[in-house]
Amino acid sequence: MSKKSDEFIGILAIFGIVIFFIFKILSAIFTLIADNIYVIITVILSVLGAFIAFLLYFELYFRSKKFKHIKGSIREYTDNCNELNHYIQELKGSYVNIESYNYGIGELTDNSAYNFQRKEWSKVIQSNQIHHCSANVCKNASNQPIKYLCKYFGIKNDEESLSKFEKVLNDFTSVEQGKDLLKRERNSIMRRISKSIPFLIKKFRNEQLIRKLGFETVDISETYIPTFTFQYVSAGGNSSSRCDIKLNIENLNLLINYLNDIIKWTKSIAGQRALMTSQLRDKIKGRDNYKCCSCGLGIEDEPNLLLEIDHKIPLSKGGMTTYDNLQTLCWKCNRTKAAKIL
Ligand SMILES: [Zn+2]
C-alpha cells in the first residue's frame, strides 16, 4: 500500500474513534437526563418560580402603602429636583438664540465614468456649523481655534456679540453646575431614606426605585454644547481631515477674552465694565457670601443650591456687566425675575 493511503486510513481511524466517543458521551448524558428527568424539571421550575416570585415582590412593594408613604414624605424634594431639571433643560437652549448663517443645502453626486475610490466624500456633511475649507485652514484652525472660529463662522467683534457669549457662558455654567448639584441632591435624599428601603429593592431595582420615587431622568450628556467643525475633503475624495471646536465652558472663557481684546473699550467704559467669565462668577458669589441676594438662602442652608449670577439692571434695559450691577441669586429667584422682565 502507498504511503498516502496509509495516512488516509490513519485519519479515518482517528475520526472513527472520536465519533465513537462523542456518541458514548451523548448517550451517557441522555441516560443521565432520562434517569433524573423529575429532578431536572423540579430544578427548572424552582428557578422559574423564584424568578416570578421576585418580580411579584418588586411589583407589590412599589404598590404598597409603605412605599407610597416614603414617596409622599420626599415629594417636596423630588418636585424641587424635577423643577431644577426642567430649568436646566431650558438653559441648554441658550445658544439656539444666537443666529448663525445658513448657506443652504446642496447635494454632491459623483458622476465620473471611472470607478474611483472616493470614500472620503461620504464624510462631507452639510450644516451651518461645518465650514468646508482647505487642508491648510483646517490645520491652522486646530492651532488657533478661537481665532478661526470667529473668522469663519461670522462671529462679530462687537459689544453685542460679546454680551451674547457672556450670557451663553453664564447659562452653560449653570447647566453644568446644576447637573452636578442635582445628582448630589438626589443621592443625599436617597441616603436619607435608604434605611426604610428593603435590601433586595436597593440591590436589584435601584434604577426603578429612583423612577418610582418620582425623580425624572437627568440628561447628563453634553450634546447641547455646540460644536463647530472645519472640514477638508480633497477634490479627488481620497483624503480628508477635520477639526472640531466645542463651545464648552473652557472655550467660551477663551472666546470672551479674545473678543474683549479685539473690541478695545473706550476709556470711560473700560474702567467700569467687567468680563463675565468663570472667574468673575466665582468672585461675585464669594462677595455675596454664597447667598441669594433676594431670598437670603445660601449654600450653608442648602449645600446643593444652584446659585447664579444676575444683572440687577438687565442688559436689555441698558444694564452693564459691572461689579456693582451683578448679584448672586438662587436659580428660583433668578427664574422668577427673568419671567417678570419678559
Ligand atoms: Zn433666592
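I began with Asp 180, which counts as partly exposed at 34% relative accessibility (buried is under 20% relative accessible area, exposed over 50%, partly exposed in between; 1.4 Å probe, protein chains only). The model is predicted, so local features need pLDDT of at least 70 and side-chain atom pairs pLDDT 80 or more, while totals for chains, interfaces and linings use all residues. Residues are numbered from 1 along each chain as its sequence is written, and side-chain values use heavy atoms, without hydrogens and water.

**Salt bridges**

I looked up the partner of Asp 180. Its side chain meets that of Arg 184 in a salt bridge, 2.9 Å from N to O (a side-chain nitrogen of Lys or Arg within 4 Å of a carboxyl oxygen of Asp or Glu). Both residues lie in helix 7, 4 residues apart, about one turn of the helix. Helices (H or I, at least four residues) and strands (E, at least two) are DSSP runs, numbered from the N terminus. Arg 184 is partly exposed too, at 44%.

I then searched the whole structure and found 12 salt bridges. One of them joins Glu 83 and Arg 335 at 2.5 Å, N to O. Glu 83 lies in helix 4 and Arg 335 in helix 13, so this pair ties together parts 252 residues apart in sequence.

Lys 92 and Asp 219 meet at 3.4 Å, N to O. Lys 92 is in helix 4 and Asp 219 in the loop between helix 9 and strand 2, so the pair ties together parts 127 residues apart in sequence. Lys 92 is buried at 9%; Asp 219 is partly exposed at 32%.

**Helix 4**

I checked what the buried residues of helix 4 pack against: helix 7, strand 4 and helix 13. Those buried residues include Cys 81, Leu 84, Tyr 87 and Ile 88.

**Zinc site**

Which residues coordinate the zinc ion? I found Cys 292, Cys 295, Cys 330 and Cys 333, each through SG, at 2.3 to 2.4 Å. Donors are N, O and S atoms within 2.8 Å of the metal (3.2 Å for Na, K and Ca); water is not among the atoms, so sites may look incomplete. The 4 donor atoms subtend angles of 102 to 115°, which makes the arrangement tetrahedral (four donors, all angles between 85 and 135 degrees). Their spacing along the chain is C-x2-C-x34-C-x2-C. Cys 295 sits in the loop between helix 12 and strand 4, and Cys 330 in strand 5, so the pair ties together parts 35 residues apart in sequence. Cys 330 is buried at 3%, whereas Cys 295 is partly exposed at 45%.

Note on methods
Tetrahedral: all angles 85-135°; square planar, octahedral: opposite > 155°, others 65-115°. Contact = heavy atoms within 4.5 Å.
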